[in-house]
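Colleague: I should like to go through the reasoning behind the descriptions given for this model. Please set each value against its definition.

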Amino acid sequence: MSDTAWENLVKKQLKTDDIFSVLTKENLEEISLLPFYDTVAQPLVNLPKIEESTHLVARYHDSLEEDVFAFLLDRNVENLEQKTIFINNEDLAGHISPREEDQYFSLIDVFDEKKGVINDQLVKELLAKQFRRNICIDVALHQNAGASIVQQLGIALAKTKELMEIYGPEIIGKLIFKLAVGPNYFFEIAKIRAFKMVFNQLSKEYEKDEIPYIFAETSLRNKSVSDHENNLIRSTLELASAMIGGADAVFTNNYLIDSTTENSEEISFKQQIVLAYESIINVFEDAANGSYYVEDITRQMAEKAWTLFVEMEEKGGYLELLKKGELQKAIYQHAVEEQQWVEEGKIKLIGVNLYPKLDAKRKAEEMYSETEIRAVRWAEMFESI
């Protein structure tokens, strides 16, 4: 079917000649979007996962021990056998001595964002462990602080480069990347795919051919204190984005923002079970491959992220930009603009700025810091201080 035929069909379906104004939407990532896609300029290669099937990760509880294969662990638990363990507690990681057959991963970030340094002693201690992946590069923090997708990917590359320059290119195979998945469904699918592309490109600069190990968790950014049910819906969509995008492991943050219960922990984890067992999207190597729309935005994100990474390197790299305060300011500027979109209703949060619409209690500029990278939820603007 010709382009004109497709366009006429879309006009007929929408009952308008002005399909561009109806179907083309603004986005803060400055990604060019078409009203419809019937081809893709540059087909992308298949982007595999490292794990054959995405790990469904639960926060440890003894009631789940028989049924759950992968746990997030922040305290010591005896006799966990034939499990995949993700450790996010520095003290615990220091005391654990896995055997060769154990599958242990460190989710401990070795970067000190406030001081702009790498904890060298911690790196060496973690590298000495028999973990499948020893060093975590955390960019979930940056997503929750309001960084754009392109900023998140550029930062992930820049942090990787810092580690390789200090500890050698071999460290690239020991890394695990912690990403937070936000609410922009297709963009988040593309984010994970784009990161695989640019990471692989970076590895080839060092004569390697590596794919990143991606641990994806649901974002805190779009959750609200009073909207528990909507939080569940939002995190379910985020989990779907992560699995379709090709994450190697997924974790659901508790949908209760200001508290936690045994029941809420179980429900949060079972969101993953429903998605995996009802739709089996966790087993596909690259489920979005072939979608013209996702392919196109994946390519654009990858190109923009690589350009940003090169710019960061020319300015001295990640740590240098932290010390100068330039990176914090760049994230602040994007976060404030994004928050203003929430205030104006361009980004919709049902029960917060839509059905019912609450009055803003704080200004966007008051919620963020130009000097500190820290998590901020959109709904905080409308919640009691």
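Colleague: How do you know that the radius of gyration of the protein chain agrees with a compact globule?

Modeller: The radius is taken over C-alpha atoms, and the globule rule is 2.2 Å times the number of residues to the power 0.38. For 385 residues the rule gives a value near 21 Å, and the protein chain has 21 Å, so the two agree. Along its principal axes the C-alpha trace spans about 65 × 50 × 45 Å. The model is a predicted one, in which local features need pLDDT of at least 70 and side-chain atom pairs count only at pLDDT 80 or more, whereas totals for chains, interfaces and linings use all residues. Residues are numbered from 1 along each chain as its sequence is written, and side-chain values use heavy atoms, with hydrogens and water left out.

Colleague: Why is Ile 189 called buried?

Modeller: Buried means under 20% relative accessible area, exposed over 50%, and partly exposed in between, with a 1.4 Å probe and protein chains only. Ile 189 has 2%, and is therefore buried. Ile 189 belongs to helix α7 (residues 185-204); helices are DSSP runs of H or I with at least four residues, strands are runs of E with at least two, and both are numbered from the N terminus. Over the protein chain, buried residues make up 53% of the 385 residues.

Colleague: Which residues are in contact with Ile 189, leaving aside its neighbours within four places in sequence?

Modeller: Contact means heavy atoms within 4.5 Å. On that basis the partners of Ile 189 are Ser 241, Ile 244, Gly 245, Ala 288 and Val 294. Ala 288 is 99 residues from Ile 189 in sequence, yet their C-alpha atoms are 7.7 Å apart. For the protein chain, 68% of the contacts with a separation of 6 or more join residues 24 or more positions apart.

Colleague: What makes Glu 30 and Gln 82 exposed?

Modeller: Glu 30 has a relative accessible area of 62%, so it counts as exposed. Gln 82 is exposed because its relative accessibility is 75%. Glu 30 lies in the loop between α2 (19-23) and β1 (55-59), and its phi is positive, about 60 degrees, although it is not a glycine. Gln 82 sits in the loop between β2 (70-73) and β3 (84-87); it too is not a glycine, and its positive phi is about 55 degrees.

Colleague: How do you know that the span of helix α10 agrees with expectation?

Modeller: The expected span is 1.5 Å times one less than the number of residues. The 23 residues of α10 (residues 292-314) should therefore span 33 Å, and the end C-alpha atoms are 33 Å apart, which agrees. Gly 316 follows α10, with a positive phi near 115 degrees.

Colleague: What span should α12 have, and which elements cover its buried residues?

Modeller: The 19 residues of α12 (residues 326-344) should span 27 Å, and its end C-alpha atoms are 27 Å apart, so the span agrees. The buried residues of α12 include Leu 327, Ile 331, Tyr 332, Ala 335 and Trp 341. Their cover includes α5 (140-145), α6 (149-167), α10, α11 (318-324) and α13 (364-367). Gly 345 follows α12, and its phi is positive, near 85 degrees.
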